[in-house]
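This briefing concerns the structure shown below.

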Amino acid sequence: MHLIREFEVRCMQSYQEKKIGGFCHVYIGQEAVAVGCTAAMKHEDPIVTAYRDHGHALARGMTSRACMAEMYGKVGGCAKGKGGSMHMFDRPNNLYGGHGIVGAQTPLGAGLAFGTKYEDEVINGGKNRRVTLAFLGDGAVNQGAFYEAMNLAGLFDLPVIFIVENNGYSMGTAIHRGTSMSHDLCIKGRAHGLKEATMDGMDVLAVYHDMHELAEWCRANSRPAFVDMKCYRYKGHSMSDPRKYRTREEEERHESNDPIGKYEQSLLAHGVITDETIKSIMASCREEVRDAIQFSNESPEPPMSDLYTDVFVEPWGRFPGSSQPDFTGGATNVCSFRATNGKEGLV
Amino acid sequence: MTAVLSSGVMSNPVFREPETLGGPTREIEFRDAIREAMSEEMRRDKRVFLLGEEVAQYDGAYKVSKGMLAEFGERRIIDTPISESGFAGMAIGAAMIGLRPICEFMSWSFSLVAADPILNNAPKMLYMSGGQWGCPIVFRGNDGAGGQLGSTHSWCVEGLYSNVPGVKIVIPSCPADAKGLMKTAIRDDDPVFFLESERMLGNKGHVPEGEYLIPFGHAAVRRRGTDCTLCSWGRPVNFCLEAAEILAKEGISCEVIDLRTIRPLDMPTVIQSVRKTNCAVVVDQSWSFSSPGGELAALIHKHCFDDLDNFVYRVHSDDVPTPYSSKLEQEYLPNVRKICEAVRAATYRA
Ligand SMILES: Cc1ncc(C[n+]2csc(CCOP(=O)(O)OP(=O)(O)O)c2C)c(N)n1
Ligand SMILES: [Mg+2]
């Protein structure tokens with residue numbers, strides 16, 4: 001959590017220094033959600049999320065270097081500078097993307113779960129039982145695609161958990177102004193037969209325990225679930241939001257319930273760690289992020305040839321004819337992607 | 001629903017070029033010009049209303065609708081949830097029953113989730129109903145690459161949508177045109193897609209104080225020249241003007257035509273120019289394959305076949321998804337360098 005917070009603070013600075021471009025949405029205040037949820041899952045459980053994705057990437061194990069360099073648009077980034085802040089993909093860590101279009105990731109989440117279930121049932125006989133986490137914002141709840149995804153998940157018994165990171169706002173719109181039945185979000189999952197849970201996203205231990213229990217239920221029963229994860233976004237929606245739609249008092253009330261501070265207090269009270277350990281954790285987080293920024297500054301700009309790579313796996317297909325006229329618009333077939341890992345089962 | 005029009009303003013001053021209106025002008029931003037057009041039309045016609053994400057209390061994500069909630073109230077300036085498919089469809093229904101919605105997409109990239117209502121309902125209603133129901137509606141928002149917004153947020157939807165019969169597509173390049181064209185769009189009885197650019201919203205320009213409307217399908221000749229006709233619309237028109245300046249120093253004289261609307265498309269102005277210059281370069285920010293630029297080039301070839309000294313060169317975004325990296329993005333977009341190179345090649349000066 002410290003790492004994410006430190007990372008995001010430096011990310012905001014870098015944005016101000018114009019090292020980072022485009023839209024940039026920081027995760028400050030919501031750290032307990034990504035950390036608690038990923039900790040409750042197995043590493044092979046797929047995760048997909050929206051554009052506020054740095055926290056999920058780091059919690060899943062992406063290095064600060066790869067994450068920061070992506071935002072700097074450098075070759076050292078997780079997508080070689082092609083994706084940017086909103087589109088963090090990390091294949092080794094089973095993070096199937098940050099997705100920029102609100103709600104777009106929710107049917108993908110259903111699809112990831114479909115894939116893992118199919119793998120168990122059709123390909124290798126029910127061993128892995130992976131559960132997918134699909135994160136979305138409270139505003140994304142209002143995208144039609146989400147309802148279709150929930151219906152499919154309910155219908156096909158897909159092991160996917162839709163986690164609504166309910167931070168109370170979608171941009172400047174308070175939840176009750178944009179969402180019907182906002183006092184009881186779970187009703188939306190209930191309508192599609194999803195198991196429901198409300199969790200305190202400002203308490204990392206609670207998130208961990210509740211999520212673990214829920215995920216294991218989904219794993220055992222191959223069923224979907226819906227989580228109303230209550231949390232708060234400390235900063236503006238993106239870097240250009242003056243937050244005129246809410247009061248400073250409201251912000252302070254939530255900040256005083258800070259997930260990091262609370263967790264530290266409880267660890268100290270139980271004698272699990274000392275002030276010294278906290279200090280050294282903070283120092284190492286600062287050092288990691290400082291190093292990530294140095295790395296990102298030094299990492300080279302992508303070469304011009306990168307513009308044309310990764311468009312197709314093979315522009316002419318697997319079985320090209322003998323002549324290959326140059327009609328692909330310049331796309332070259334340099335791409336590391338392979339649809340399978342050569343072994344049985346999915347990638 | 002005739003009584004809803006406020007009286008006395010029915011004499012529509014229609015001018016092709018705002019300059020010809022005479023009278024005082026002010027320097028205002030692109031976003032102000034769009035707001036003025038919407039506000040004037042809303043004062044004139046109670047059927048007109050604005051809906052979209054963050055348009056009311058937040059004053060618009062890009063401040064285009066700033067102050068409109070205060071003036072028109074929440075019945076007419078309506079914040080919606082992030083439900084493009086739902087609210088675009090709802091607006092189309094409202095248009096069918098007689099209202100005149102202005103439906104804002106924060107970005108046209110987000111209109112893709114509303115593709116069915118905007119492409120399958122709005123433009124086909126009149127035809128499918130045998131002329132019983134039309135769809136007087138304006139969809140508007142930012143189009144094209146912003147600054148480093150990456151692949152999902154940088155769509156030039158004219159590349160997709162101009163393929164569909166039944167829509168009118170307006171892509172202004174300067175504040176004065178934006179105002180006059182927006183007023184025309186709101187009064188138009190057909191669906192109009194009005195494409196703005198986040199990169200231009202802060203651009204300033206002289207806008208007449210008096211009322212004026214710019215008809216669709218009338219290109220503006222932005223610069224006179226004799227050696228090559230540069231045809232474009234929207235933001236790249238400004239790059240064409242910059243390129244023309246550079247090329248003039250090299251002794252190549254460019255005529256720059258701003259099409260302003262690509263459906264309908266003002267071919268006579270283009271043809272007249274190409275017959276004079278015997279050379280044409282089309283600059284279009286959408287991808288080249290099946291693009292409006294490709295269509296325009298085909299039409300020039302057809303109508304000016306005997307006049308052309310070279311085939312029509314085209315400058316587009318590169319045929320790849322939009323990259324995030326600033327360096328790659330700049331090279332990906334049609335830019336001044338690419339336009340200059342195309343003109344030199346087209347005029348055999350390369
Ligand atoms: C389809 C679509 N419409 C609009 C947007 C612009 N947009 C980006 S984030 C956002 C608000 C989303 O709020 P929420 O889902 O609550 O997530 P949070 O930002 O709070 O994490 C909007 C309107 C978009 N990216 N995609
Ligand atoms: Mg939210």
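Helix α5(A) gives the most to the nonpolar patch, with 4 residues. The model is predicted: local features need pLDDT of at least 70, side-chain atom pairs count only at pLDDT 80 or more, and totals for chains, interfaces and linings use all residues. Residues are numbered from 1 along each chain as its sequence is written, chains are lettered from A and ligands numbered from 1 in the order in which they are written, and side-chain values use heavy atoms, with hydrogens and water left out.

**Surface patch**
- The patch consists of F114(A), Y118(A), V122(A), I123(A), L152(A), L155(A) and F156(A), which together have about 650 Å² of accessible area (Shrake-Rupley method, 1.4 Å probe; for residues, only the protein chains shown count as cover).
- Patches are made of residues with over 30% relative accessible area and no salt bridge; like charges are joined within 9 Å, and nonpolar side chains (Val, Leu, Ile, Met, Phe, Trp, Tyr) within 5 Å.
- Two or more patch residues come from each of α5 (105-123) and α6 (144-155) of chain A; helices (H or I, at least four residues) and strands (E, at least two) are DSSP runs numbered from the N terminus.
- F156(A) is located in the loop between α6 and β4 (160-166) of chain A.
- With a relative accessible area of 40%, F156(A) is partly exposed (buried is under 20%, exposed over 50%, partly exposed in between; 1.4 Å probe, protein chains only).

**Nonpolar cores**
- The largest nonpolar core holds 53 residues, and I161(A) and M211(A) have the most contacts inside it (a core is a set of buried Ala, Val, Leu, Ile, Met, Phe, Trp, Tyr and Cys residues joined through side-chain atoms within 4.5 Å).
- A second, separate core has 46 residues, including A88(B) and C103(B).

**Interface**
- In all, 32 residues of chain B are in contact with 42 residues of chain A (contact means heavy atoms within 4.5 Å).
- The two chains bury about 2,800 Å² between them, 62% of it on carbon and sulfur atoms; buried area is the accessible area (1.4 Å probe) that two parts lose on being put together, summed over both.
- The rule finds 1 salt bridge across this interface (a side-chain nitrogen of Lys or Arg within 4 Å of a carboxyl oxygen of Asp or Glu).
- R177(A) and D79(B) meet through their side chains in a salt bridge (3.0 Å, N to O).

**Backbone**
- R263(B) and P264(B) are joined by a cis peptide bond, with omega about 0 degrees.
- D157(A), not a glycine, has a positive phi of about 55 degrees.
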